[in-house]
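Dear colleague,

Please find below the structure that I am handing over to you. I should be grateful if you would read the notes after it with the model open beside them.

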Amino acid sequence: MRDIRISTEVAARLSAAHIRQLRDGPDPGVYQCCECSAPGDADAEPTSVVVYAYPGVVNVVFAHAWCSDSALTWKDDPSVRAGLERVHVLPLMFGSTGSAALMIAPYFPARTSDFQSNSQIRRWLEDGLHLVLSLDALLEEPPPTPGWKAWLVPGDSPGQTRLTIRSRLGSPHEPITVVDDIGIRVQGAWTRAVKATGKIALFAGLTEIHKLPDRDPMAIMDELAKAFQAGALTCGLIEADWIEL
Ligand SMILES: [Zn+2]
């Protein structure tokens with residue numbers, strides 16, 4: 001029997017089905033402890049369920065029981081919320097034509113494979129990204145997605161580029177900074193493709209790209225396929241501006 005610790009206030013934020021799922025497994029399985037960042041194993045170690053609730057966002061994350069008690073944090077603070085919504089970013093070349101692509105994934109582990117219950121996926125869809133509906137779509141250029149834009153500037157070291165992505169541009173809503181000035185490493189071919197087309201194919205989904213040891217295309221494809229099968233992969237062709245300093 002797993003030792004999953006769920007306080008009363010945390011339990012009040014979760015559905016009975018979700019609590020049962022956490023107690024029975026298999027999720028979360030191996031997770032990144034939200035306190036010490038080291039891996040934890042819900043099947044083998046006492047694990048606390050930690051919930052951060054913000055307007056429109058409920059993030060369920062996990063901690064070693066010795067690092068944190070099961071706790072609920074409620075705040076109406078946009079900066080903390082932005083921290084919770086940060087994403088992993090992986091640049092890749094894509095398709096037979098060698099288009100520049102980016103994969104982004106929530107930094108915090110997905111709560112469930114049901115994309116409807118994931119606030120980030122839901123919002124990416126609301127903001128115009130398209131749900132990937134077939135595996136073949138991963139080999140084609142995604143549909144254009146107005147309102148999203150990437151800015152790239154040279155980074156501090158050779159081969160490094162700084163990336164910002166915003167959504168909701170030109171809409172009545174406040175723009176959202178999806179990627180906030182993150183340093184990425186890209187190859188010359190990727191840079192040339194972006195400069196030539198002014199476009200990037202964006203894939204946003206519940207993938208575990210940060211666990212991929214290298215940029216092996218097969219492993220990346222597997223991750224995309226897994227997210228697609230879970231109904232948790234979105235895509236869009238977005239505008240990109242390369243800014244030379
Ligand atoms: Zn820990």
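Residues are numbered from 1 along each chain as its sequence is written.

Overall picture and confidence

The chain has 6 helices and 14 strands; helices (H or I, at least four residues) and strands (E, at least two) are DSSP runs, numbered from the N terminus. Of its 245 residues, 34% are buried. A residue is called buried if 20 or more other C-beta atoms lie within 10 Å of its own, exposed if 12 or fewer, and partly exposed in between, with C-beta atoms placed from the backbone. Among the contacts in the chain with a separation of 6 or more, 59% are between residues 24 or more positions apart. Two residues are in contact if their C-beta atoms, placed from the backbone, lie within 7 Å.

The predictor's confidence in each residue is given as pLDDT, from 0 to 100. Its mean over the chain is 85, and 90% of the residues reach 70 or more. Confidence is highest in strand S1 (residues 4-5), at 96, and lowest in helix H3 (residues 78-84), at a mean of 63. Over residues 110-117 the pLDDT is below 50, although this stretch has 13 contacts in the model beyond near neighbours in sequence. Where pLDDT is low, the predicted coordinates should not be read in detail.

Nonpolar cores

A nonpolar core is here a set of buried Ala, Val, Leu, Ile, Met, Phe, Trp, Tyr and Cys residues joined through C-beta atoms within 7 Å. The largest one has 42 residues, and those with the most contacts inside it are Ala101, Ile200, Leu202 and Phe203. Strand S8 supplies the largest share of this core, 6 residues. Apart from it lies another core, of 15 residues, including Ile6, Val50, Val51 and Ala63. Leaving aside neighbours within four places in sequence, Ala101 is in contact with Leu92, Met93, Phe94, Ile200, Ala201 and Phe203.

Helix H5

Which residues of helix H5 (residues 188-197) are buried? They are Trp190, Ala193 and Val194. These residues lie on the same side of H5, because they cover an arc of only 95° around the axis, the arc being that of the directions from the helix axis to the C-beta atoms. The face turned away from the buried side of H5 carries the exposed residues Gly188, Ala189, Arg192 and Ala196. The cover over the buried residues of H5 includes strands S7 (87-94), S8 (99-106), S10 (144-154), S13 (199-205) and S14 (233-242). After H5 comes Gly198, with a positive phi near 65°.

Strand pairing

Two strands are said to pair if DSSP finds at least two bridges between them. S10 and strand S11 (residues 160-167) run antiparallel and are joined by 6 bridges; Trp151 stands opposite Thr164 in S11. Their hairpin has 5 residues between the strands, and Gly159 in it takes a positive phi near 85°. S11 also pairs with strand S12 (residues 176-185), in the antiparallel sense and over 7 bridges. There, Gly183 in S12 is the bridge partner of Arg162.

Val58 is in strand S5 (residues 57-64) and counts as partly exposed, because it has 17 C-beta neighbours inside 10 Å. Not counting residues up to four places away in sequence, Val58 touches Arg13, Val51, Ala53 and Ser119. The C-alpha atoms of Val58 and Arg13 are separated by 8.5 Å, while the two residues are 45 residues apart along the chain.

Backbone details to inspect

The peptide bond from Gly25 to Pro26 is cis, with omega near 5°, and a cis peptide bond also joins Asp27 and Pro28, with omega about 5°. Pro26 lies in the loop between helix H2 (16-24) and strand S2 (30-32), and Pro28 is in the loop between H2 and S2 as well.

Positive phi values also occur in residues other than glycine. Ser37 has a phi near 70° and lies in the loop between S2 and strand S3 (39-41); Ser37 is exposed, with 8 other C-beta atoms within 10 Å. Asp181, which is not a glycine, has a positive phi of about 55°. Asp181 is found in strand S12 and counts as exposed, with 11 C-beta neighbours inside 10 Å.

With kind regards

Definitions and conventions
Predicted model: local features only at pLDDT ≥ 70, side-chain atom pairs only at ≥ 80, totals over all residues.
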